[in-house]
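Please have the viewer open as you read.

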Amino acid sequence: MVDCRIVIDMDRCIDCRACEVACKVEHCGFKNLKWAEFYDAALPSHCRHCEDEACVQACPFEAMIRTEDGIVKRNAFKCVGCRSCAYACPFGAIDVDILNYVVSKCELNSTRTLAGKKPACVSTCPTGALRFEPIVNLVEKDLLGARTAGRRGRRR
Amino acid sequence: MSSVDKQSYCPFCSLFDPLILKVPDPKAAYFTRNSLLKIDYPTEPNYGLCPRGNYSVYLIDDNKRAYSGFIGRRPASAFEVISYAVEKLKDVQGKKGAILIDGGLSLDEAYLIVELAKLLKIGCVALNPVEDELIGRNVSFSHFERERILEGDFILIFGDPFESNPTIAKQILDAKFKSRLTRIIVVSSYPSKTSEHATGFIEILAGSDAIFALGLLKAVEGESFKKEAEICGVEVREIGAVVESLRNARKPFIILSAVCGQTFGIGELAGLLSKVAEKTETQILPLTQARNSIGISKIIDNATLKGNEYLRELMSKGELDYLISFGVNPSIVIPQETLQKLEFVVEANWFIPEPNDIKNYLFIPIATSLESKGIGINSFGDIIEYDKAINPAGDAFPLSKVLETIFFQLGSSVSVSKDMVLQVARKPQKRELITDVLVGMVEKFVSRKDGFKVVFVPSSLQVGDGFITNRLSFAKAVDCLPKALVSSRILKEFGYKFRIKTRDNIVLELEAEEDRKLKDNLLLLSSNYTLYRMLLPKLAHPLELGPIEVELEKVYEKESTG
């Protein structure tokens, strides 16, 4: 059971996109990480693996499933790229790969996390902005489903 | 399939970050398109890998990787090419040649290359990238622990290390969040990623970083620095305040993360900052694009060999007869027309050379840094000895073995030891800085306020730097294509698609993206290397490696599609 989630500390994110490259290298050329752009900043947008998963309920082909490990996964053989899950996701964390006509989403790097390691994106983060923290801690700190408040250096 | 973890180091910038290579089978001779070969990360919390570091596995497992040699266009074994090249080199008496060397090679390989230059009486060993050579020759740095940056209470940063050397960002941010009293001041001509996270930002005029450093030195020495402040477009008190902070801080640091095309006289900037650091008892951290540039440039300098400046002099006079290139793709450094006139070009590299019309092209495949052992010195002055993580691919050999074979076939031999290499790589330099010429040149450049100026910014993906020629395709896949960031004024006048024209009549079509924080006449071009080389093909003097002035022209939709 993977009882940790990825959170981002905006104070530390330098938009280097190392997490994106690591995700792509880890998944043999297919990246599962979506980038969200807010004005000048670009930030990685990870799947929260919600308890009440809107994407699973929205999928008409049962391609989106929650595994026993607690990870919301996409079954590549069933997915037809209809985008229902992408529209249903309240966080906009699901990307649609138009070329391959499928959707990609973060699956918490299950091969690594189930082996007791951190996901590739978290391990590679050069500033420690991405953290892989137990859900209990996140609930305590009120960080679940949210990012830590951003604070940028002032400009003269 | 089980895999074995092999400790190695990132082959790119001078921070030498550790990485783990997951090798499926340690006995495998080589890998071709083997997706099982993966990068992993050390468990220490202080290290990560930037996009380039993550990409380092593709040095080994890439579709442009060279597995055999070439004589002209004929495939040949590495030994056959070496023998052929040695025969050519035996007949070069009285002819002028040059050696190109990559800053990513190990120090022992650089030592052997310098010895080869002496044996063949080649007076020019030019380091690539050019700006790394200039920094390496002028900067004087001492050893300190990486973690000591956390103790820093005043950090003065030149350039944009969060973009060009992102793995240093953790220590800088840790220092910032450790104490509210920590000051991080960025000196740059444009608002950068680093300046966004800094506590203060001194915005100077494009290209005047070295003059700002000259102002700092004058302030330290108690001389007047009014003129310098005026050229940089800052107030006198700002330079004074920086010097005061350097003096009063408990643990001050100066970080220089300079890349091509941001400032004139990059070597002078490094030299002046070294002097400021020395006089204010500050630690200086020079960060270069290639990992061993500082040590290699000192090895070349201590052998009294000339560098890039002399190479360009030979090229401009048409006196260059042949070229030997180790780890560098010559076509990104030397114009095609010059290469075609040469009698022969010997290239020892990891990737297949670019398609071109050079007939006397001798290509030797070599092992990447992950496939060979060597010695290096990082920006903190740590000596790093690394072993090969896997066996070299195909017909490739470690460069040291290739060089030993060349020496043997030339009837000579050279012994190299760790002590010998480190002695020359760490020997401090005392060079004269050309500040007078620089002040005049920068003053002339910044005073032309109406012209549009292009500043080349680093890209954490270093798109198309020639080092990995097909990195552009990779960048496309992660949507990191080079873009021109322009001010609102330029966007209003010239639209989203425009042409830039340099003084040498080089025309380039670009797509624009708005950056409201930019000054009116400023354009920022990412993907520094290829574009930079395209726009500056004829460099008269390394001092001129800086921002360039361009004319802009609107591109109309019909014209563009037609």
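## Chain B overall

Of the 562 residues in chain B, 55% count as buried, where buried means that 20 or more other C-beta atoms lie within 10 Å of the residue's own, exposed means 12 or fewer, partly exposed is in between, and C-beta atoms are placed from the backbone. Chain B holds 21 helices and 23 strands; these are DSSP runs numbered from the N terminus, with helices being H or I of at least four residues and strands E of at least two. Among contacts in chain B with a separation of 6 or more, 74% come from residues 24 or more positions apart. Two residues are in contact if their C-beta atoms, placed from the backbone, lie within 7 Å.

This is a predicted model, in which local features need pLDDT of at least 70, side-chain atom pairs count only at pLDDT 80 or more, and totals for chains, interfaces and linings use all residues. Residues are numbered from 1 along each chain as its sequence is written, while chains are lettered from A and ligands numbered from 1 in the order in which they are written.

## Helices 8 and 11

In chain B, the axes of helix 8 (residues 209-220) and helix 11 (residues 266-279) come within 9 Å and cross at roughly 25 degrees. Axes are lines fitted to C-alpha atoms, for helices over the stretch in contact, with angles from 0 to 180 degrees between N-to-C directions. Helix 8 of chain B and helix 11 of chain B are therefore roughly parallel, the word for angles under 35 degrees. Their contact includes B:Ala213 and B:Leu217 from helix 8 of chain B, and B:Leu272 and B:Val276 from helix 11 of chain B. By class, this contact has 10 nonpolar, no polar and 4 charged residues; Ala, Val, Leu, Ile, Met, Phe, Trp, Tyr, Cys and Pro count as nonpolar, Asp, Glu, Lys and Arg as charged, and the others, Gly among them, as polar.

B:Val276 counts as buried because it has 25 C-beta neighbours inside 10 Å. Leaving aside neighbours within four places in sequence, B:Val276 is in contact with B:Ala213, B:Leu216, B:Leu217 and B:Val220.

## Helix 15

Helix 15 (residues 399-409) of chain B has these buried residues: B:Leu399, B:Ser400, B:Val402, B:Leu403 and B:Ile406. They cover an arc of only 160 degrees around the axis, so they are on the same side of helix 15 of chain B; the arc is that of the directions from the helix axis to the C-beta atoms. Their cover includes helix 2 (78-90) and strand 13 (322-326) of chain B.

Conventions
Parallel < 35°, antiparallel > 145°, perpendicular 65-115°, else oblique.
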